[in-house]
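Student: I would like a close look at one part of this model, namely the charged and aromatic side chains and how they pair with one another. Please take me through it in one connected account.

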Amino acid sequence: MGAGGTHDAGADAHESVPGPLPPVPGHAPAPPRPDGTAYLAWARAPRPEAAVGIWRQGHRTRPETEPETVPGRQLLVGALLALLAAWCAWSLLYNGYVGLWWLLPLELVTPDSWRYGQAGPVVTAIVYYGYYALIGGGLLVAAGRMGRWAEVWRRYGPARVSGLRPQAPPPPPAPEEDPARWPQLRAAGADAAADRLTSDAATGLMRDVDHARIAWAWHAARSARRSDAVAAAVRERGAAACAHPSGARDLPVRVAQHDLLTHQVLLGTAADSPKNPYAYRSADIGIGPELLGTSLLAVGPSGAGKTTRVIRPIIEGLCLQALAGRAAVVVVGAAGADLGPAGQYDIVVHVGHPDSKHDLDLYGGAADPDEAAAVLAQALVGDLAGEQGGDSRRAATLLGRLLGPFRAAHGRFPAVPELRQLLDGAPEPLAALRAALEGAQQGLLRDLDAVARQVGVPGGPGAVLADRVALLDRPAFAAFFDPMGEGRAFSLRALDHPVRVRIDLPDRGHPDAARVLVRLVLAQFTAHTAGREDRSLFAALVLDDATAAITGEAVRGMQRLRSGRAGIVLALRTLDDVPESLRAPLLGACGCRIVLAGVTPWDGGQFAQAWGTEWIETRDVTDRQIIAETTGGKAWHALRKAVTGKAVTARAVTVRQVERERWSASELAHSVPPGHAVVSLSSVQGERTSPLLVDLRTRTPHTRA
């Protein structure tokens with residue numbers, strides 16, 4: 001027994017030894033190519049015209065005013081009582097309890113032979129039962145109107161039940177109106193190019209970015225009379241034609257829903273709240289360049305979702321627009337912030353990081369010394385307005401008198417160490433610069449003499465500028481801000497191209513330098529975009545943390561962006577990070593405002609004042625209970641209470657118009673649920689929305705029944 005058992009165990013162990021493993025493949029298996037169902041459904045989705053800020057894809061309009069609703073209990077009991085009343089009336093008529101007068105119309109319009117059987121029993125039956133049906137139908141119609149049967153059917157009938165189920169996709173449009181068949185190309189005679197795109201769409205090679213990019217390229221080519229070149233490129237490369245300079249056709253990852261045909265990104269869903277206008281309740285809210293052109297301000301404490309639920313979706317939408325050739329975006333944030341992967345951008349500037357492949361141009365690519373000096377002065381001393389040495393105009397004048405001679409002598413602007421030495425008033429650098437200007441214009445020498453008199457004066461603009469430049473003259477920034485860094489330095493003048501840029505700031509190790517760089521990028525952006533000649537691209541600047549970046553010049557520059565087809569997105573933890581004198585102008589300069597849950601009543605008061613008041617209708621209702629004294633009255637009161645669920649009262653209603661804040665400071669501070677925000681939007685054309693309570697946790701469009 002033991003020997004046999006040992007033998008069997010050994011045999012089992014021998015049989016359980018696995019065989020040799022198959023060789024590891026040299027590459028990952030290719031995923032199956034998707035079909036074009038998703039793209040075709042997206043391209044053919046209805047996009048009706050909607051109010052400003054409403055997500056248009058699949059939107060269903062609602063009336064402007066809320067219809068009056070009856071409580072369900074009262075509605076059902078009223079419908080049942082109307083049916084009982086109709087049945088009782090028919091019983092009284094049919095059984096002759098009220099006489100036969102109701103048959104008089106039949107006797108007046110029909111001959112006696114039809115009623116008394118001379119024409120046959122069939123004719124008599126048809127006449128009488130037809131008349132009965134007419135009278136009974138009239139009673140039912142009257143009962144239906146009195147009992148609101150139509151409202152009962154809409155609220156509880158099969159139509160309501162089917163509305164809660166997933167709806168079937170709409171039928172495909174006619175071939176001449178099908179966006180997936182590219183009717184604009186066929187109308188211009190480019191049938192071969194349209195057929196190539198239609199084929200790519202059916203085989204799953206077309207994406208929403210490809211559609212938007214090719215449509216925009218065709219529109220631009222038709223305007224410039226270069227449509228033949230675009231048609232040839234489409235015939236050759238299909239959906240990959242007219243590609244972005246980076247070659248990318250999509251982002252590495254998306255966290256939000258986008259519609260590139262309407263240029264919108266889904267921000268959230270308007271809550272079904274009485275605070276929201278009825279037309280916006282349960283509607284999806286989308287935002288795009290036509291709204292961002294008025295600039296956007298988002299305020300909320302840390303952890304409220306400014307970056308993840310507001311800033312990053314907007315950045316994604318702008319990056320997709322850049323891939324489609326319609327926008328250029330610059331994103332500024334702290335290193336490590338959740339602003340999307342590095343592969344989402346064309347240029348990533350890690351300021352202060354030794355492995356950064358790109359640099360930041362300190363002078364914004366300007367060739368005019370006065371222009372460069374004005375922008376640099378805003379960055380260095382723009383936050384010191386009202387303090388000694390903090391006048392940005394005097395600082396700009398001093399820098400202009402210094403940068404002009406230096407550029408004339410060396411053909412470039414000074415590097416950070418050179419600029420610091422000159423502003424410190426060191427005699428050797430000033431003497432060397434004067435020696436290099438021998439034989440130059442006398443005006444440059446006079447400017448240099450004026451600089452020598454102003455630098456080194458305690459409390460003067462030269463000393464303040466030198467202290468601020470010293471923040472950038474650190475070992476971590478030794479390889480940055482090089483005026484000779486040809487091809488490596490990024491300048492905001494590149495926004496004439498559909499570029500995606502991210503600038504990471506060293507806010508942890510060098511917070512003061514990071515604030516200077518934020519003001520520098522903001523000043524360069526407002527200076528460049530306001531004077532652009534080619535405004536076909538929408539230019540956007542996104543500041544994930546705008547603390548200490550708001551200056552008087554910056555606010556004035558933001559007000560000029562609307563006409564320059566550009567916009568700025570700002571995020572703040574609190575309005576206390578903005579000087580008190582600039583809070584109201586900042587709110588006025590930003591057409592789109594977002595207040596997230598958790599703000600303080602002081603911040604809420606600023607927004608409440610900016611949103612103003614509105615006239616609303618209030619009703620003061622006074623109810624006085626009626627006591628029945630008779631038995632019949634008590635029975636009638638009991639019946640009314642059973643129908644309405646309320647005691648019988650005499651009601652006095654006083655209606656009046658009062659002016660109240662749309663959202664009070666207390667409501668903004670205490671009544672906004674987590675994950676929600678109060679959002680007001682404004683378009684470049686001047687359309688506005690009232691403040692809306694929006695659920696920011698929505699990531700897919702909400703189909704409203």
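Student: What is the relative accessible area of glutamate 418, and how exposed does that make the residue?

Tutor: Glutamate 418 has a relative accessible area of 26% and is therefore partly exposed (buried is under 20%, exposed over 50%, partly exposed in between, with a 1.4 Å probe and protein chains only). This is a predicted model, in which local features need pLDDT of at least 70 and side-chain atom pairs pLDDT 80 or more, while totals for chains, interfaces and linings use all residues. Residues are numbered from 1 along each chain, and side-chain values use heavy atoms, leaving out hydrogens and water.

Glutamate 418 forms a salt bridge with arginine 412, and the closest N and O atoms of the two residues are 3.1 Å apart (a side-chain nitrogen of Lys or Arg within 4 Å of a carboxyl oxygen of Asp or Glu).

Aspartate 210 bridges to arginine 213, with 2.9 Å between the closest N and O atoms. Because these two residues stand three apart in helix 11 (residues 208-224), about one helical turn separates them (helices are DSSP runs of H or I of at least four residues, strands runs of E of at least two, numbered from the N terminus). Aspartate 210 and arginine 213 are both buried.

Glutamate 553 and arginine 556 are likewise three residues apart, about one turn, in helix 22 (residues 552-559), and their salt bridge brings the closest N and O atoms to 3.0 Å. Here glutamate 553 is partly exposed, with a relative accessible area of 24%, and arginine 556 is partly exposed as well, at 41%. Elsewhere, salt bridges join Glu151, Arg154 and Arg155 in a network.

Turning to the rings, the structure holds 13 aromatic pairs (Phe, Tyr and six-membered Trp rings with centres within 6.5 Å; planes under 30 degrees apart are stacked, over 60 edge-to-face, the rest tilted). One of them joins tyrosine 39 and tryptophan 42, a tilted pair with 6.0 Å from centre to centre and 40 degrees between the planes. Both of these residues lie in helix 2 (residues 37-44), three residues apart and about one turn of the helix, and both tyrosine 39 and tryptophan 42 are buried.

A second pair is formed by tryptophan 102 and tyrosine 131, which is stacked because the planes are at 15 degrees, with the ring centres 6.2 Å apart. This pair links distant parts of the chain, 29 residues apart: tryptophan 102 is in the loop between helix 3 (72-94) and helix 4 (104-109), and tyrosine 131 is in helix 6 (residues 121-147). Tryptophan 102 is buried at 6% relative accessibility, and tyrosine 131 is buried too, at 10%. Both rings belong to a cluster linked by ring pairs, whose members are Trp90, Tyr94, Trp102, Tyr128, Tyr129, Tyr131 and Tyr132.

Finally, serine 302 sits in the loop between strand 4 (296-299) and helix 14 (306-323), and its relative accessibility of 58% is why serine 302 counts as exposed. Serine 302 and leucine 572 are 270 residues apart in sequence, with their C-alpha atoms 9.3 Å apart in space.
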